[in-house]
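I opened my notebook with the ligand in mind and wanted to see what holds its surroundings together. Here is the structure I worked from.

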Amino acid sequence: MSSIKIECVLRENCRCGESPVWEEASSSLLFVDIPAKKVCRWDSLSKRVQQVTLDAPVSSVALRQGGGYVATVGTKFCALNWEDHSAVALASVDEDKRNNRFNDGKVDPAGRYFAGTMAEETAPAVLERHQGSLYSLFPDHHVEKYFDQVDISNGLDWSLDHKIFYYIDSLSYSVDAFDYDLHTGKISNRRSIYKLEKEEQIPDGMCIDVEGKLWVACYNGGRVIRLDPETGKRLQTVKLPVVKTTSCCFGGKDYSEMYVTCARDGMDPEGLLQQPEAGGIFKITGLGVKGIPPYPYVG
Ligand SMILES: O=C(O)[C@H](O)[C@@H](O)[C@H](O)[C@H](O)CO
Ligand SMILES: [Zn+2]
């Protein structure tokens, strides 16, 4: 058995850290702090953090082919220039829903940027329900809408053969799967592959490993869980010293490390005293399984 080690590598005090993405070219971890409107880049070699502050909540970030990044900012898909800190809108969604914002997003294996929306929360997981939708930004910058009636659009990833799309609407307490057509970007045949147990709390961000198993960060559950999407069984639980774990990705050498983001918002003063690393970036080593590189947006 491998021995698992969990370490807070960056005490960033994120209000809501999210969307960890490994950038191999710079040995860095990108992530966002949604309500702080920040995109951060932590250099794992120098241990330094750079950040870009935007004018609206930024809920996800992704690599862009040819350099720079893309991010979901407010209800816009944006191109992000790290050098001059500018964000240029590529497309806008939910223009009739003034209280909405994007939430989690990720690029598919063909280079489309998928992201879903939600109503703004009045407190964590407290919001007007059924206001969100799932979208994707194609390489030519047109947007397709998949479905609406979403509560909190969250974790997403694709199977290793690109034939299944995995998706989490947090308040359904379910991890769902769809058949995926990589060629057209169409999804069909929604089904649940795992229902969270009570102590696992709220499913949030998610990533896949090289064995095709899913890792789901459990908000308020202080853990990541590893699921077998074929059997619907939970294979492993890894507990963290913070309760509001929001998302996870693989990174580091050969994608052998897992990085986990978490939140401080919604914690009371006592909780913050007990969990001073809340809002930091955690690194898990010794899992014995690797991840895959993130796909870049090709537009
Ligand atoms: O990070 C997200 O996905 C949401 O924006 C957060 O607000 C929380 O995770 C959510 O409250 C828990 O369901
Ligand atoms: Zn999330």
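**Entry: the model.** I note first that this is a predicted model.

**Entry: where the ligand is.** I asked which pocket ligand 1 sits in. I found ligand 1 in the largest pocket. I then looked up which elements give two or more residues to the shell around ligand 1. They are strand E10, residues 100-107, and strand E18, residues 202-208.

**Entry: the shell.** I counted 14 residues surrounding ligand 1. The closest are Glu-18, Asn-103, Glu-121, Asn-154 and Asp-204. Sorted by class, the shell has seven nonpolar residues, three polar ones and four charged ones.

Entry: I went through contacts made by oxygen atoms of ligand 1. For Glu-121, I read 2.5 Å between a ligand oxygen and an N or O atom of the side chain. For Asn-103, a side-chain N or O atom lies 2.8 Å from an oxygen of ligand 1.

**Entry: the record.** I turned to UniProt, where an unreviewed entry places a "binding site" feature at Arg-101, Asn-103 and Glu-121. These positions are spread over 21 residues of sequence, yet they cluster in space, with a largest C-alpha distance of 11.1 Å. I was pleased to see that the lining of the largest pocket includes Arg-101, Asn-103 and Glu-121. Arg-101 is found in strand E10.

**Entry: the wider region.** The unreviewed UniProt entry also annotates residues 16-263 as "domain: SMP-30/Gluconolactonase/LRE-like region". I looked up how much of this stretch is helix and how much is strand. Over residues 16-263 I got 0% helix and 59% strand. The end C-alpha atoms of that stretch are 4 Å apart.

Conventions:
Residues are numbered from 1 along each chain as its sequence is written. Chains are lettered from A and ligands numbered from 1 in the order in which they are written. This is a predicted model: local features need pLDDT of at least 70, side-chain atom pairs count only at pLDDT 80 or more; totals for chains, interfaces and linings use all residues. Side-chain values use heavy atoms; hydrogens and water are left out. A residue is near a molecule or strand if one of its heavy atoms lies within 4 Å of it. A polar contact is a pair of N or O atoms within 3.5 Å; within protein, one must be able to donate a hydrogen and the other to accept it, and residues adjacent in sequence count only if both atoms are side-chain atoms. On a 1 Å grid over the protein atoms alone, a cavity is a set of points where a 1.4 Å probe fits but cannot get out, and a pocket is an open set with protein on both sides within 12 Å along at least five of seven lines; lining residues have an atom within 4 Å of a point. A molecule sits in a cavity or pocket if more than half of its atoms lie within 2 Å of its grid points. Ala, Val, Leu, Ile, Met, Phe, Trp, Tyr, Cys and Pro count as nonpolar, Asp, Glu, Lys and Arg as charged, and the others, Gly among them, as polar. UniProt positions are given in the numbering used here, feature names are shortened, and annotations may be inferred rather than shown by experiment.
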